[in-house]
Every structure is written in C-alpha cells, then in structure tokens.
Amino acid sequence: MSYPENFQGFAVVEDHKNWLKPEKVVYPAKNFNSRDVDIEIEACGVCGSDVHCANGNWGNMKLPLVVGHEIIGKVVRLGDECDTGLKLGDRVGVGAQVSSCLDCSRCSSDNEQYCPKFVTTYSQPYFEDGYVSQGGYASHVRVHEHFVLPIPEALETKNAAPLLCGGATVFSPLKRNGCGPGQKVGIVGIGGIGHMGILLAKAMGAEVYAISRSHAKEEAATELGADHYIATEDEGWETKYFDTLDSIVLCGNSLTGIDFNKLPKILKVNGKLTSISVPAQHESLKLHPMQLLGYNITQSALASRAELIEMLNLVADNNIKLWVETLPISQENIGQAFERMESGDVRFRFTFTDFDKQFGEFKAKN
Ligand SMILES: [Zn+2]
Ligand SMILES: [Zn+2]
C-alpha cells in the first residue's frame, strides 16, 4: 500500500482578506517519523481560533494556511515505534497541539501544553525542521502519536470534534481549580466553549453559575443544566452574589466587556479566575493591583493528553450531548461558518462533515 506524501486542504491563500473564500490546495506532508500517525480526516470542528487565524486577527500568518484543530479521522498509517496502542482503522482525534519536546519537566508532568517547544496544529513551524504545520480542513493530517487521542466508541463524531480544542480548553482549568461536588463554579460567556463548560462542570458535580451580559442566553443556559444565571447588565449583581463562587472560567473571545472591578467580588477569598480567552492582538489586560485583592487570576491553554482522555471518557460515560450544527465541508460552507461564528449566530458549535465528497477524488489518485 502506498501512502500520500501530499495532502489536500482548504487554505486561506495570498492575503488574509480572502479568508471567507478558502481555496483547495495541495501541500507536502511533514517528514514521517517513527512515532507519527497518518490520519484520514472525516470531520473537523470550527473553533474561534480558526476564525482569528484565517482573518488575520492574531497577526499575519504564513499563507497558504489550512486551519482546523478539532480533527476526527481514522488511522491509516502508524510509525514503527508507535506504542500508545493505536491500530490501523481506529477512530482518533487531534486537538490544537501536535508537538512538544516530550522530555522536559513540564512534558513529564502532564503539562505538555506549556512546553517551550509546543507546536500548534496549524500555522507554526516545527522546531526540528521548520515545516509549518497545517490543520484539519483537509484530506489528512500527520501527527506524533502522543497528540492523537483514542475516541470512545459511545461518542458521536460530530460531538467529539468540538471537545478536542474547545472542550479540552475549558475542562483543564475546571479540573485544576477543583471543580466537583460542593464547589460553586462560574462560567462567563455562553458561546461555543462556554456551553461545553456548563455541561462539563455539571457532569463533574459542581453547582454551576452561567454568567452573561444580558438575559438572552438564560433559557439556553438553563437547558444546558446551569443552576443559576447572572446577567451583568442587571443592577447590583455583584452585591447579590458577593463571596459566592470558588472559581470562574472566562470563556468569551474578548476581555473588553469584563468588569474587573465587579467580577472578582463574587469569588470567595482565594477564589480562582481563569481566562481561556485569547483576544485580538491589540487587546491587553490592565489591572490596578487593588483590583486583584483576595483572588488569583491566571491564563490557561488547552489541556494535556491525560486531561483530554479523561474529558472524552467523562463525556462518553455521562452521555453528554453538545449543541452542534453540522455542515458538509466546502468553500462556501467554510465562509458561511466563519461569518456566523463572527456574528455569534450558532448554537453553539459547527462540525464540518462529508470530507470524502471534497477530498475523495484526491485520495483516490494519491
Ligand atoms: Zn481551538
Ligand atoms: Zn517539553
């Protein structure tokens, strides 16, 4: 059997201003190493980062750029030294990280997402040879097995995809902040990631407070299982909920609307406020030291392999249903999904499907 050395994907070409019209391009795969896995892609979630990177919000990227880092597919090739138990034909997932040194103290303590040699799934050069990673709106992806996750059988593909970046990113701080029975946990921003935050925090046993600017998402939050709803446009919410929560995760894609004079007041002393938001480049966090009085603020990124596996099993075991809209992958649908993501017109996440229809012909020839 021969294996493709080139992959095909939908890429932003020439200029970020073309981001809503990605074109099909063929590009070389990275070198195949002894612990690499080739995956034929079957579905891919649409993450906020895809939008930020495609439209240039996070700065200029090397083009052509294939985004997508919530990849589900099947294993079609395994390197000679693979030893995580994967088999040909297995359904697997890849999130937003494809490499790290796997040797430093961080990598050795389930913190590989904080390794200085972290490589993101698309748009970043590998340290070994400078090959720039390309993402999952494509026929295939080639990834070191450490970053390839087994997908529990009970999980539907369309539900599993958004967990690989969005779900993992909110699960890690929930877990590290002790989310569980007896804990009161706030989720700020009820969108793609926030909706997964509510579902996961409930499944972990916490009492969940959904926090949003207006009341527009109150019904959805209740349906998702939130026990309480706080609308920050209401007068006096910070007094009503003073000293209530053990931890909060900020899930919105901007920090502009967060009032750091009020939000921390609803935390208990030593409560934790974790942001997972990566806003546009021009935004930064400016705080007076007294605004930090009595609480901890931190920024979290992605999740370790161990956390990803734990989360996928939690979702499968509890039969958690994400709110996902599927779209067959195509130039038109990528543009449409991006526009609707930008305007918040999705409840709450997209997964692209039908990869065979777009890439079948290419795969048959390669
Ligand atoms: Zn993402
Ligand atoms: Zn490392």
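**Salt bridges, up close**

Tutor: By the distance rule used here, the count comes to 18 salt bridges. Keep in mind that this is a predicted model.

Let's start with Glu5, which pairs with Arg77, the closest N and O atoms being 3.6 Å apart. Glu5 sits in the segment before strand E1 (6-11) and Arg77 in strand E4 (residues 71-78), so this pair ties together parts that are 72 residues apart in sequence. Is Glu5 buried or partly exposed? Its relative accessibility is 42%, so Glu5 counts as partly exposed.

Next up is Arg176 with Glu307, whose side chains meet in a salt bridge at 2.8 Å, N to O. This one links two helices: Arg176 belongs to helix H2 (residues 157-176) and Glu307 to helix H6 (residues 305-317), so parts that are 131 residues apart in sequence are tied together. The two ends sit in unlike surroundings, too. Arg176 is partly exposed, with a relative accessible area of 37%, whereas Glu307 is buried, at 8%.

Then there's Glu325 and Arg340, with a salt bridge of 3.0 Å, N to O. Here a strand meets a helix: Glu325 is in strand E16 (residues 324-328) and Arg340 in helix H7, so the pair ties together parts that are 15 residues apart in sequence. Glu325 is partly exposed, with a relative accessible area of 27%. Arg340 comes in at 19%, and since buried means under 20%, Arg340 counts as buried. Helix H7 itself spans residues 331-342. The largest nonpolar core has 48 residues, and among them Tyr137, Val148, Ile329, Phe338 and Phe352 touch the most other members. Strand E3 (residues 36-46) supplies the largest share of this core, 5 residues. A second, separate core holds 47 residues, including Val170, Tyr229, Ile276 and Ala303.

Leu285 lies in the loop between strand E14 (267-275) and strand E15 (295-299), and is partly exposed, with a relative accessible area of 45%.

Technical notes:
Residues are numbered from 1 along each chain as its sequence is written. Chains are lettered from A and ligands numbered from 1 in the order in which they are written. This is a predicted model: local features need pLDDT of at least 70, side-chain atom pairs count only at pLDDT 80 or more; totals for chains, interfaces and linings use all residues. Side-chain values use heavy atoms; hydrogens and water are left out. A nonpolar core is a set of buried Ala, Val, Leu, Ile, Met, Phe, Trp, Tyr and Cys residues joined through side-chain atoms within 4.5 Å. Buried means under 20% relative accessible area, exposed over 50%, partly exposed in between (1.4 Å probe, protein chains only). Helices (H or I, at least four residues) and strands (E, at least two) are DSSP runs, numbered from the N terminus. A salt bridge is a side-chain nitrogen of Lys or Arg within 4 Å of a carboxyl oxygen of Asp or Glu.
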